[in-house]
Amino acid sequence: MTPPAPLAPMGVGRVKTLADAVETFVERPELFIKVDYYGMHIEDDGIIKEIEGEMKLDDLKFPSVCRYTRAGTHDYLRTYDGVREVKTGKSWGQALDEAKRIDQGADVYEAVEYTISLTKEVTKVGGKKEVTPPVIGQRLGHTTSRTGYDPIMKFARDMFKKHGAGATVKVRLEHVQRQKGQNKWGVISATEIE
């Protein structure tokens, strides 16, 4: 997920204070939601069809993501400012050039990163692991795929227009199956709970 926003330079002799740290603090997710054709998953166990919680609109981030394949495995690069790649610290242009040398099919797309604080217990179906389900109050995170961008971005746009950027909204995340030819995948949709 998103690293904390860097502070502007403090100035010579100025030390970062608690107020500075609190102002830039963003709670990070404790667990991450993955999605596939069958449902949403937490800790790769069981299938979840629905999650309810609260989403702070100010916490949404909008990275550009590059997906490429290295040795048969997908790898991802991301930038929040179009200048620096997050993991490597390299310039975004340099990081993209390197990804394209490894995989000519490297693909850049826009994504939404968001967190949701659970307000209702999660019910999972199936699963083989003894994984403790997330509890009310825990923060779950998700980064959209290329095809998962539109449903979440439309929700964010509508909530921004209705409530403003600083709002916290009650939200229900639901799994949506998608298929095109033989390709099957899933995305997450969001609706406001009123």
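Colleague: In what sense do β4 and β8 pair, and over how many bridges?

Modeller: β4 and β8 pair in the antiparallel sense, over 2 bridges. Two strands pair if DSSP finds at least two bridges between them, so 2 is enough. One of the bridges links E54 to S117 in β8. Strands here are DSSP runs of E, at least two residues long, and helices are runs of H or I, at least four long, both numbered from the N terminus. A word on the source: this is a predicted model, where local features need pLDDT of at least 70 and side-chain atom pairs pLDDT 80 or more, while totals for chains, interfaces and linings use all residues. Residues are numbered from 1 along each chain as its sequence is written, and side-chain values use heavy atoms, with hydrogens and water left out.

Colleague: What joins β8 to β9?

Modeller: 5 bridges join β8 to strand β9, residues 139-143, and the two run antiparallel. Y114 stands opposite H142 in β9.

Colleague: Why is β8 called largely enclosed?

Modeller: Buried means under 20% relative accessible area, exposed means over 50%, and partly exposed lies in between, with a 1.4 Å probe and protein chains only. In β8, 6 of the 6 residues are buried, so the strand is largely enclosed by the rest of the structure. Both faces are covered. E113, T115 and S117 are buried on one side, and Y114, I116 and L118 on the other.

Colleague: What holds the place next to β11?

Modeller: Strand β10, residues 168-180, is joined to β11 by 10 bridges, and the two run antiparallel. H175 has I188 in β11 as its bridge partner.

Colleague: Is S189 buried or exposed, and how do you know?

Modeller: S189 has 18% relative accessibility, so it counts as buried. It lies in strand β11 (residues 183-192). Contact means heavy atoms within 4.5 Å. Beyond neighbours within four places in sequence, S189 is in contact with P151, I152, R172, L173, E174 and V176.

Colleague: What makes a nonpolar core, and how many residues has the largest?

Modeller: A core is a set of buried Ala, Val, Leu, Ile, Met, Phe, Trp, Tyr and Cys residues joined through side-chain atoms within 4.5 Å. The largest has 25 residues; I33, I51, Y114, L140 and L173 have the most contacts inside it. α3 gives the most to this core, with 4 residues. A second, separate core of 8 residues includes C66, Y68, L77 and L96.

Colleague: Why is the pair Y37 and Y38 called edge-to-face?

Modeller: Rings of Phe, Tyr and Trp (its six-membered ring) pair if their centres lie within 6.5 Å; planes under 30 degrees apart count as stacked, over 60 as edge-to-face, the rest as tilted. By this rule the count comes to 1 aromatic pair. The ring centres of Y37 and Y38 are 5.3 Å apart and the planes stand at 85°, so the pair is edge-to-face. Y37 is buried, at 16% relative accessible area.

Colleague: What makes the R78 and E113 pair a polar contact?

Modeller: A polar contact is a pair of N or O atoms within 3.5 Å; within protein, one must be able to donate a hydrogen and the other to accept it, and residues adjacent in sequence count only if both atoms are side-chain atoms. The side chains of R78 and E113 make such a contact at 2.3 Å. R78 lies in strand β6. The side chain of D81 makes another with the side chain of T79, at 3.1 Å.

Colleague: Why is D81 called exposed?

Modeller: D81 has 51% relative accessibility, so it counts as exposed. D81 lies in the loop between β6 and α2 (92-102).
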